[in-house]
Amino acid sequence: MKTDKKRVSNKQDESKIFAFLTVLLSVVGFIVALLAKREDKYVMFYAKQSLILFISWVIASGIRIVPFVGKFVSMVLWVIFVLLWIIALVNSLSGKEKETPLIGHYARGIDL
């Protein structure tokens, strides 16, 4: 009985670590999670959010080319991106599937 609880606890810890690394490593983490932990719902929940964060970072970087206001808007979006990334990192270690504000509902829409 104790061994089963320990096994479940180890699996949860492993899922938390994988989810954290997935968010930390962005698109690379998404690919690793997709290849190594596709069956783990918890890891894939955060992998999808990591993918959406990466896409939002690319968009924020692309806005920089717009004359006059592009750099300012890009900077504001970059700050928002970093805050969302930190929230996703903290949430990934919680052991619960918590949606990251602004992007979580988009991640739920991804079906892999």
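Modeller: Before we start, contact here means heavy atoms within 4.5 Å. And keep in mind that this is a predicted model.

Biologist: Fine. Leaving aside neighbours within four places in sequence, which residues is Ile103 in contact with?

Modeller: With that neighbour rule, Ile103 is in contact with Gln49, Ile52, Leu53 and Leu84.

Biologist: And the largest nonpolar core, how many residues does it have?

Modeller: It has 20 residues. Ile103 is among those with the most contacts inside it, along with Val23, Ala33, Tyr46, Ala47, Ile52 and Leu53.

Biologist: Which elements give two or more residues to this core?

Modeller: Those are α1 (2-24), α2 (26-36), α3 and α4 (70-92). The most comes from α3, which gives 9 residues.

Biologist: Let's switch to rings. How many aromatic pairs does the structure hold?

Modeller: There are 5 aromatic pairs. Take Tyr42 and Tyr46: their ring centres are 5.2 Å apart and the planes sit at 65°, so that pair is edge-to-face.

Biologist: Why does 65° make it edge-to-face?

Modeller: Because planes over 60 degrees apart count as edge-to-face, and the Tyr42 and Tyr46 planes are at 65°.

Biologist: Where do Tyr42 and Tyr46 lie?

Modeller: Both are in helix α3 (residues 41-62), 4 residues apart, which is about one turn of the helix. In general, an α-helix has 3.6 residues a turn, so residues three or four places apart point the same way.

Biologist: Is Tyr42 buried or exposed?

Modeller: Buried, with a relative accessible area of 11%. Tyr46 is buried too, at 0% relative accessibility.

Biologist: Which residues form an aromatic cluster?

Modeller: Phe54, Trp57, Trp78 and Phe81 form one. There's also a lysine over a ring: Lys37 lies over the face of Phe18, 4.9 Å from the ring centre.

Biologist: New topic, α4. What does it reach from its first C-alpha to its last?

Modeller: Helix α4 has 23 residues and reaches 32 Å, close to the 33 Å expected at 1.5 Å a residue.

Biologist: Which residues in α4 are buried?

Modeller: Gly70, Ser74, Phe81, Leu84, Ala88, Leu89, Asn91 and Ser92. Phe81 also belongs to that aromatic cluster, and Leu84 is one of the contacts of Ile103.

Biologist: What's Ser92 in contact with, again leaving aside neighbours within four places in sequence?

Modeller: Lys16, Ala19, Phe20, Val23, Tyr42 and Tyr46. So both tyrosines of the edge-to-face pair are on that list. Ser92 itself counts as buried because its relative accessibility is 0%, and under 20% is the cut-off for that.

Note on methods: Residues numbered from 1 in each chain as written. Predicted model: local features only at pLDDT ≥ 70, side-chain atom pairs only at ≥ 80, totals over all residues. Heavy atoms only, no water. Phe/Tyr/Trp six-rings, centres within 6.5 Å; stacked < 30°, edge-to-face > 60°. Buried < 20%, exposed > 50% of the residue type's maximum accessible area, 1.4 Å probe, protein only. Lys NZ or Arg CZ within 6 Å of the ring centre and 35° of its normal. Core = buried A, V, L, I, M, F, W, Y, C linked by side-chain atoms within 4.5 Å. Expected span 1.5 Å × (residues − 1).
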